[in-house]
Amino acid sequence: MNFLMNLEKILGIRKKGVRSIAFAVAFFAVILSMGLAFICLFVISGFQKEYQKSILAFNAHIVLFSEQGRGEEKKVREAIEHINLQTQNAMITDVSPFAVSEAVILDSSGLKACILKAIDPQKLKNVYALELNILDGREDLSHSLLLGSELAYQISKNEIKMIIPQGASLTDLKRSIQTIPLAGIFKSGIYEFDSRFALTSFEMLKKLTGVFKITGYEIALQDPLGAPRVAKLLEENLPGMRAISWDELNSSLFKAMQMEKSVFFIVVTLIFFVAAFNLLGATAMSVYLCRYEISLLYSLGVSKLKLQRSFGLTGFLFGITSCLMGWLIAFLMLKLEDYYGWIKLDPKIYFISTLPMDFGPKLFGVGLIFGSLICFLFALGVAKNLIQEKYIINYIK
Amino acid sequence: MIELINIKKIYKDNERECEALKGLSFKLDRGEKIAVVGPSGAGKSTLLHLMGGLDRPSAGQMFFEGKNLFSLSDKELSKYRNKTVGFIFQFHNLLSEFSALDNVSLPLLIGGESKRESVKKAQGMLERVGLGSLAHSKPNTLSGGEQQRVAIARALVGRPSLVLADEPTGNLDTANSEKVFDLLLDLNQEINMTLVVVTHNLSLTTRLERIIRLSDGKLAS
């Protein structure tokens, strides 16, 4: 390695390279390409993390659908205890019953359909990770509602009029209009949930619907990624009941994201290759600029392999420098975007309103290794092709 | 010491083939001084490149002290160029960013000698060619004759057994040509090296032991 570094010094690759405007342009292009690739990586990863976080904020890790609607709680708890004994990593940490019903909110602007979800208010913080904004003195959900932030934004009142249309005739509906006070708002970050759901207690749902039937049980796990395995175990232990993991419940969204990820992966790979082809040109130029030194060193006894490796090493250093600078550019640009919020996303389409970003060290490491390796291989490839006897002997006279 | 057997070299340029050497065979003994002469395009430089291990022939064999040179690996061939061969080119090919001393110590450093030892030997060789006082000068501050003497010092500092000089005086005036050639012959005596000189200067060839004439890639006599 030391000798390669000395060889580099002798060849004056960097010095000659910097002198060349074309080389500087290629270097700049590689940095920009790397920066662009890092932006793509950070944003894709940001979307994935944000969606996952938001989905898990509103949905439990597993939803276990009730078979009979009531009287199953003991059976469910026994099955959970049994599974907890069986599993080590994906331990079930909590379970909470829930019930849903369709509802209509009456407002000055018209009717708004919503899904009324009854939960155990005591489990609000254990099973869900929602951002809550509860009005003073209205912490008790027994006689009030928590509206999704987007729904609340459309209504903007401290109480709402609501009807549950199940099996009612139009005359019944008029009579069954109830005024319900609002306890506050919740925000999951996913537009779909925040614009359609209202949370309440079982008592309130019973009061509104006149019947009480459990829809199912929401289950929280220690490790959300173990959900499919635990869901399978639940189904095995509770015949007749259907358990759906959070990723299965949102499979259409994840499938769309997977497709988006695949497209982004192709784009990022192409960007990396554009960068690598820039390097290819820059290395070829370096070899050309150093042709006399290469020939001379070869005649003095430096092996072809050492000369080729020297350019490979330059490519590697070039790759690391470009990756670091590209990362810095991507980081600064996204931080500025985060601060000023220039890009607004339509939550109806993207479910979130701001551009998500994730600067995880794993992404940086992957980008650095991938970028440096490609640069090294491309530089070595060019050097292997150009540093050949047939070219060398032409340069030395 | 060196034996060339039916050496052929064909250059391929797209569809066209050019046969630079057409089955060359001859022998050289240790310490022998020979001149290679011939018109442009006769294959003189190609011959030198092959003898120096810079290039490989299209056909034929070359033995150096019994070893087939072209069966050697890239690493072994580079060792042969470093330890056994000294090249002197028409255009001295000195590295302009390095001093004369650095240029001369380069083959020793490449060969793995310590920097201290390399510098000591390089300084000794520069003194031997009469440039001891200019050891720290950059090549562009030296005259053409001085630059060529630095190039000779660089070629001989490792005490090679074969020195290949391609038009070593081709770029110098008559007075400097004589001086450089005198130096080369003196060192040849001192080191007992085999000297192969490609030249167009016929007056210089008379001072060598043997002349190999090349014409159209073949031995003319």
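Where in chain A is A:Glu72 found? A:Glu72 sits in the loop between strand E1 (62-65) and helix H4 (73-86) of chain A. Here helices (H or I, at least four residues) and strands (E, at least two) are DSSP runs, numbered from the N terminus.

This is a predicted model, in which local features need pLDDT of at least 70 and side-chain atom pairs count only at pLDDT 80 or more, while totals for chains, interfaces and linings use all residues. Residues are numbered from 1 along each chain as its sequence is written, chains are lettered from A and ligands numbered from 1 in the order in which they are written, and side-chain values use heavy atoms, with hydrogens and water left out.

**A closer look at A:Glu72**

- A:Glu72 is buried but has no salt bridge. Buried means under 20% relative accessible area, exposed over 50%, and partly exposed in between (1.4 Å probe, protein chains only).
- A salt bridge is a side-chain nitrogen of Lys or Arg within 4 Å of a carboxyl oxygen of Asp or Glu.
- The nearest side chain of opposite charge to A:Glu72 belongs to A:Lys75, 4.7 Å away. For charge, Lys and Arg count as positive and Asp and Glu as negative; His and the chain ends are not counted.
- Setting aside neighbours within four places in sequence, A:Glu72 is in contact with A:Ser66, A:Glu67, A:Tyr217 and A:Met241. Contact means heavy atoms within 4.5 Å.

**The two chains**

- Chain A has 17 helices and 10 strands, and 50% of its 397 residues count as buried.
- Chain B has 7 helices and 10 strands, and buried residues make up 53% of its 221 residues.
- Among contacts with a separation of 6 or more, residues 24 or more positions apart account for 80% in chain A and 70% in chain B.

**Where the chains meet**

- On chain A, 20 residues are in contact with 22 residues of chain B.
- The two chains bury about 2000 Å² between them, 65% of it on carbon and sulfur atoms. Buried area is the accessible area (1.4 Å probe) that two parts lose on being put together, summed over both.
- Between chain A and chain B the count is 0 salt bridges.
- The elements giving two or more residues to the side of chain A that touches chain B are helices H1 (2-11), H2 (13-19), H13 (291-299), H14 (304-340) and H17 (389-395) of chain A. The largest share, 5 residues, comes from H13(A).

**An enclosed helix in chain B**

- Helix H3 (residues 100-110) of chain B has 9 of its 11 residues buried, so it is largely enclosed by the rest of the structure. Among the buried ones are B:Leu101, B:Asn103 and B:Ile110.
- After H3(B) comes B:Gly112, whose phi is positive, near 100°.

**Salt bridges**

- Over all chains, the count comes to 14 salt bridges.
- A:Glu73 and A:Arg77 meet in one of them (3.4 Å, N to O). Both lie in helix H4 of chain A, 4 residues apart, about one turn of the helix.
- A:Arg242 and A:Glu248 meet in a salt bridge (2.9 Å, N to O), and A:Glu235, A:Arg242 and A:Glu248 are linked in a network of salt bridges.
- B:Arg207 and B:Glu178 also meet in a salt bridge (3.1 Å, N to O). This pair links distant parts of the chain, 29 residues apart: B:Arg207 is in the loop between helix H7 (202-205) and strand E9 (210-215), and B:Glu178 is in helix H6 (residues 174-191), all of chain B.
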